[in-house]
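Here is a friendly walk through a model, told as questions and answers. Have the sequence and the structure open beside you.

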Amino acid sequence: MKIHEYQGKQIFQRYGIATPKGYPVFTPAEAEEAAKKLIDETKIPVVVVKAQIHAGGRGKGGGVKVVKGGPSEVKSVSEKLLGMQLITHQTGPEGQKVQRLYVEQGLDIARELYLGLVVDREARRIAVMASTEGGVEIETVAEQTPEKILIEHVDPVTGFSAFQARKLAYALDIGKNTPSPKDTIADFVKLVTKLSTLFEKEDCSLCEINPLIVTKDGKVVALDAKITFDDNASGRHKDWSELMDKAEEDPVELEAKDSGLSYVSLDGDIGCLVNGAGLAMSTMDIIKHEGGNPANFLDVGGGATKDQVKKAFSMILSSSKVKGIFVNIFGGIMKCDVIAEGVVAATKELGLKVPLVVRLEGTNVELGKQILKDSGLAIQPADTMSDGAKKIVAAVRAA
Amino acid sequence: MAILVDKNTKVLVQGITGSAGSFHAKQCIAYGTQVVAGVTPNRGGEKFEAEGPDGKKVIVPVFDTVAEAVKQTGADTSCIFVPPLGAADSILEAFDAELALVVCITEGIPVMDMVRVRRTIEGRKGRLIGPNCPGIITPGACKIGIMPGHIHRVGKYGVVSKSGTLTYEAVGQLTALGMGQSTCVGIGGDPVAGLDFVDVLKLFNEDPNTEGVIMIGEIGGNAEERGAEYIGKYMKKPVAGFIAGTTAPPGKRMGHAGAIISGGKGAAKDKIAALEAAGVRVAPTPSDMGTTLKSLLK
């Protein structure tokens, strides 16, 4: 689960990580008010207005504006930003609608760096990554100049050690041209250590500051905050539900999640209902292999009930882009008769207007096939995945 | 012969009184697995009843702790069905009791818990399979996990996979071709887990009764690439491969917590290229896993 920059910064502040002062706002009037307050409190006339969407690359996409003309200009800038479709390299071509802004104090930036924490699957630990190449796409740095990314791993027993933070500080030459290099280094060591604690305590899967800045007076400040939480840990973080911005999520995927289903929308026209993530992914692959295009990834999971299957099938049936449906089940814990009952129940309510190919295998397969047969639905049975994929692609072409 | 588990394996089930635990413990016992104990805190002293493959009643004693269960029954392997937020603790308890093998079925364990678990079990006796996996089966001898037993046949081919249902798919294809299995291992699709491809491939390589292997990977991480490196250097037996997720869009989690292409890494095409370079024949579609392995045999 992703959260907004301003929410990330609020969490940073709880952990004592330095951020610029700022206020989240929802209207141009609020933005003007926030700018007045900020200028009053900080005595800095420069204010930054930042569009709050979950995707990165906002600056390049025109979603971050430095305003020097005071509160009235902040208001007019906000009028333009709020409601715009912000397009960045992470949003896709349709962009994401801006509905919240963050109004923040401007700072005198001496240097922009990168600091990011992720779970390193190979090392099986948190990796702390730092780079002198801040403010740009870190993916590009990783690809073109991987030697510019410094990595230290966090031992879960001891936590992130001060010596590791110092190693990074010296390698980044963080104290370069600052009034007191010693203090700047100490500032950085504290910040990285706190961020590592935050990552672990808050069950993050990603925590990124890009850019992390050194101000002209030698302070180390998080100018950005990007946090992604590990969904598996939501059971022990009751506050996450308040942090979620449903406007940023795909409504169909949210609906599926609420029903305990795993669903991802895709661009094609063949709806898929499958049990198991691996089988669901490879069902998409085989449809593509046969020349078709999957409309979704849908894993009903191992222990789905008839109602969940019905819900899943209804979601596919009610999608306007779907021109054919492929049900591919290898029953293990999941029983084929439960799948069949769910499919029949959904079809009875919504009707079946597109071709349907069903491949059933595994536990209670005969029972499942009988239920489908007795339903009188126009179903094309398939013996294997490949047979099923061929049939649905042919049927969609013929339609 | 097989790897990791056989007819002598003595299994205890952590979470045996829960709905998933009791259902699957019964299925394992019906398959013929020696389930000798159950563990659920505060339920020690209860009896768990099931039916063996011959229809005879089997009574499994329940204990409060793994240590006590091991002491009383001599169990050497654990199968875990504990809910996600308590599962890491259960894995640590099993390792503390020095079990040889710990199979964790639970899906949805927070990754930080698994980071701590991996650190704690480093250098310890015992192996971990999973979490978020179907488990392990040596057909005709021992089934530990949630896979449908009836699709398997005794034989000479190994299967190692990140995905549950795709493993069943591969096993179903092998069985239909008359190719039985030595052992099938589901290693799970989580970012931080126990045995990986290299560990299991090594065991198959050393097992005199395994004559070929199907390896099933998916997008995300680089465990497949490391597996390919091992195969290229050391594998003496034919390996057929399949990678799920060729058409998965970047940045989207495809069901499994680990199945995500991020920062340009973990794409299927890179994994397929690495496997092919190592001499693995990669099945063009998931329907061809069995026939691809067959085509490699002399």
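Q: How many Å separate the centres of domain 1 of chain B and domain 2 of chain B?
A: This is a predicted model, in which local features need pLDDT of at least 70 and side-chain atom pairs count only at pLDDT 80 or more, while totals for chains, interfaces and linings use all residues. Residues are numbered from 1 along each chain as its sequence is written, with chains lettered from A and ligands numbered from 1 in the order in which they are written. Chain B is divided into domain 1 (10-129) and domain 2 (147-296), with bounds from an automatic or database domain assignment. Taken over C-alpha atoms, the separation of the two centres is 26 Å.

Q: Which element of chain B gives the most to the side of domain 1 of chain B that touches domain 2 of chain B?
A: Residues are in contact if their C-beta atoms, placed from the backbone, lie within 7 Å, and here the contact takes eight residues from domain 1 of chain B and 10 residues from domain 2 of chain B. Two elements give two or more residues to the domain 1 side, strand 7 (127-129) and helix 4 (111-121) of chain B; helices (H or I, at least four residues) and strands (E, at least two) are DSSP runs, numbered from the N terminus. With four residues, the one that gives the most is helix 4 of chain B.

Q: Where is Pro131(B)?
A: Gly130(B) and Pro131(B) are joined by a cis peptide bond, with omega about 10°. Pro131(B) lies in the loop between strand 7 and strand 8 (135-138) of chain B.

Q: Which element supplies the largest share of the side of chain A that touches chain B?
A: The contact between the chains takes 49 residues from chain A and 47 residues from chain B. Several elements of chain A each supply at least two residues to its side, including strand 8 (125-131), helix 4 (138-144) and helix 13 (385-398). The largest share, 11 residues, comes from helix 9 of chain A.

Q: Why is helix 9 of chain A largely enclosed by the rest of the structure?
A: A residue is buried if 20 or more other C-beta atoms lie within 10 Å of its own, exposed if 12 or fewer, and partly exposed in between, with C-beta atoms placed from the backbone. Among the buried residues of helix 9 of chain A are Leu279(A), Met281(A), Asp285(A) and Ile287(A). Helix 9 of chain A is largely enclosed because its buried residues number 11 of the 13.

Q: Which elements of chain A do the buried residues of helix 13 of chain A pack against?
A: The buried residues of helix 13 of chain A include Met385(A), Ile392(A), Val393(A) and Val396(A), along with Lys390(A) and Lys391(A). Their packing partners in chain A are strand 14 (270-274), helix 9, strand 16 (324-331), strand 17 and strand 18 (379-381).

Q: Is Asp203(A) buried or exposed?
A: Asp203(A) is not a glycine, although it has a positive phi of about 50°. Its place is in the loop between helix 6 (181-201) and strand 10 of chain A. With 20 other C-beta atoms within 10 Å, Asp203(A) is buried.

Q: How does Asn364(A) count, with 19 C-beta neighbours inside 10 Å?
A: Asn364(A) is found in the loop between strand 17 and helix 12 (365-374) of chain A, and its phi is near 55°, a positive value in a residue other than glycine. With that number of neighbours, Asn364(A) counts as partly exposed.

Terms used. Contact = placed C-beta atoms within 7 Å.
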